[in-house]
Amino acid sequence: MQEDLTSQQLGAYVLSIKLQRSFCGKVGALGDVDLSPGHYFYFGSARGPGGLAARLSRHVRMKKTIHWHVDHLTTFGQVTEILAVEGGDECDLRHLAMQLNSISVPVTGFGSSDCPRCPAHLLASEEEASETLFLLAGKTGGRLYSAESFLPITAAQPSTV
Ligand SMILES: [Zn+2]
């Protein structure tokens with residue numbers, strides 16, 4: 001499945017982000033943000049050079065210059081899974097996700113400064129994150145990846161034995 005994103009496909013994506021500890025910090029114009037430990041989803045799109053593959057590789061890297069709101073979380077917590085939807089729209093994905101159970105907006109405006117449609121592009125999930133992403137994949141025709149799929153390979157490939 002991984003070869004699907006080695007080209008420069010454009011579209012939308014959902015990051016599943018796990019926070020083991022509470023996040024307390026300043027997030028751009030939002031000011032102080034407090035997030036409890038748990039599962040979060042971030043909805044974004046990649047329509048520029050490099051497409052989804054380049055954007056998702058950046059999201060899973062721990063070391064980066066903080067640019068977007070979500071960078072505060074991807075450098076603090078752990079991106080576990082990714083749903084990529086070629087030709088998708090992040091606001092439509094967010095809307096679909098909010099129709100699922102136990103999904104809420106933890107911080108109004110998080111990740112959605114430029115979006116007139118959404119209360120936030122970050123959602124909190126009380127349910128197991130994998131299950132929600134699986135449902136979203138089924139509804140959108142998107143593909144699920146582990147975050148490791150986007151990390152550069154720095155060690156020799158493990159033996160298959
Ligand atoms: Zn939106």
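What covers the buried residues of H1? The cover includes strand E1 (11–19), strand E4 (38–46), helix H2 (71–74) and strand E5 (78–86). The model is predicted: local features need pLDDT of at least 70, side-chain atom pairs count only at pLDDT 80 or more, and totals for chains, interfaces and linings use all residues. Residues are numbered from 1 along each chain as its sequence is written.

The protein holds four helices and eight strands. Helices (H or I, at least four residues) and strands (E, at least two) are DSSP runs, numbered from the N terminus. Their order from the N terminus is β-β-β-β-α-α-β-α-β-β-α-β. Contacts are pairs of residues whose C-beta atoms, placed from the backbone, lie within 7 Å. Among contacts between residues at least 6 apart in sequence, 72% join residues at least 24 apart.

Of the 161 residues, 34% are buried (20 or more other C-beta atoms within 10 Å of the residue's own, with C-beta atoms placed from the backbone). In helix H1 (residues 51–60), the buried residues are Leu52, Arg55, Leu56, His59 and Val60. They fall within an arc of 130° seen down the axis of H1, so they line one face of the helix. The arc is taken over the directions from the helix axis to the C-beta atoms.

Leaving aside residues up to four places away in sequence, Tyr42 touches Val14, Leu15, Ile17, Val70, Gly111, His121 and Leu122.

Technical notes. Buried ≥ 20, exposed ≤ 12 C-beta atoms within 10 Å, placed from the backbone. Contact = placed C-beta atoms within 7 Å.
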